[in-house]
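Welcome, and take a moment to look over the model below. We will walk through it together, one region at a time.

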Amino acid sequence: MTPSTTSNAPTTPLKPTHKLVAQHLVGGHTAQDIATSTGLSLLTVRQYACDIRVSVHCPPRCKPHVLVHLLLAAEQVAPPTPERTAPELNSEQLQLLKAVAESSTPRDIALAAKIAPADLRSALDELLDETGATDVTQLVVLAHAWHLLDARPTGTAASGADQ
């Protein structure tokens, strides 16, 4: 079983520099991109990312899309204004969307979405196509912007040990 992303402990508000890095993470930027655009060292950006994970009770090895979900759900950063309206998603797609936001490994995503692991890639490709997202991080950001993932996460995010 995977560790939970939830905690009864309150989320620690981010310091301004951490919030800046968090906003870049929500934008889908890599640590190197963030270092280049902010003038911070790569080591500092990585340390801030670790601090941000602790702040929102994110397991240390979870995938970036899970961290982004926790940041947005905790309202540590605001989602961007979507350029398009939310698509009509069916209940299975919404369940997959939630699973993607809260789980790191393909196995855990498939289990949470109640689909066969062998069917995950095609279901995820269909969801990405339906939403117009280029990757799962952008999918999570768009879902928050469309208010499809507003509640504090309740699932079990994978530790991302395969990362």
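Predicted model: local features only at pLDDT ≥ 70, side-chain atom pairs only at ≥ 80, totals over all residues.

Residues are numbered from 1 along each chain as its sequence is written, and side-chain values use heavy atoms, with hydrogens and water left out.

Let's begin with helix H1, which spans residues 16-26. Helices here are DSSP runs (H or I, at least four residues), numbered from the N terminus. The buried residues of H1 are His-18, Val-21, Ala-22, His-24, Leu-25 and Val-26, where buried means under 20% relative accessible area, exposed means over 50%, and partly exposed lies in between (1.4 Å probe, protein chains only). Their cover includes helices H2 (31-38), H3 (42-55), H4 and H8 (136-145). After H1 comes Gly-28, with a positive phi near 85°.

Next, find H4 (residues 64-73) where it packs against H5 (residues 91-102). His-65, Val-66 and His-69 of H4 meet Val-100, Ala-101 and Glu-102 of H5, contact meaning heavy atoms within 4.5 Å.

Ser-104 is buried, at 4% relative accessible area, and its side chain reaches the backbone nitrogen of Lys-63 at 2.8 Å.

Finally, look for the salt bridges. A search of the whole structure finds 2, each being a side-chain nitrogen of Lys or Arg within 4 Å of a carboxyl oxygen of Asp or Glu. Side chains of opposite charge can pair when their charged atoms come close. One of the salt bridges joins Asp-108 and Arg-107, with the closest N and O atoms 3.4 Å apart. Asp-108 is buried at 9% relative accessibility, whereas Arg-107 is exposed at 56%.

Asp-125 and Arg-121 also form a salt bridge, at 2.9 Å from N to O. Both lie in helix H7 (residues 120-131), 4 residues apart, or about one turn of the helix. An α-helix has 3.6 residues a turn, so residues three or four places apart point the same way. Asp-125 is partly exposed, with a relative accessible area of 38%.

Conventions
Axes fitted to C-alpha atoms, helices over the stretch in contact; angles between N-to-C directions. Helix = DSSP H or I, 4+ residues; strand = E, 2+ residues; numbered from the N terminus. Polar contact = N/O pair within 3.5 Å; in protein donor to acceptor, adjacent residues only side chain to side chain.
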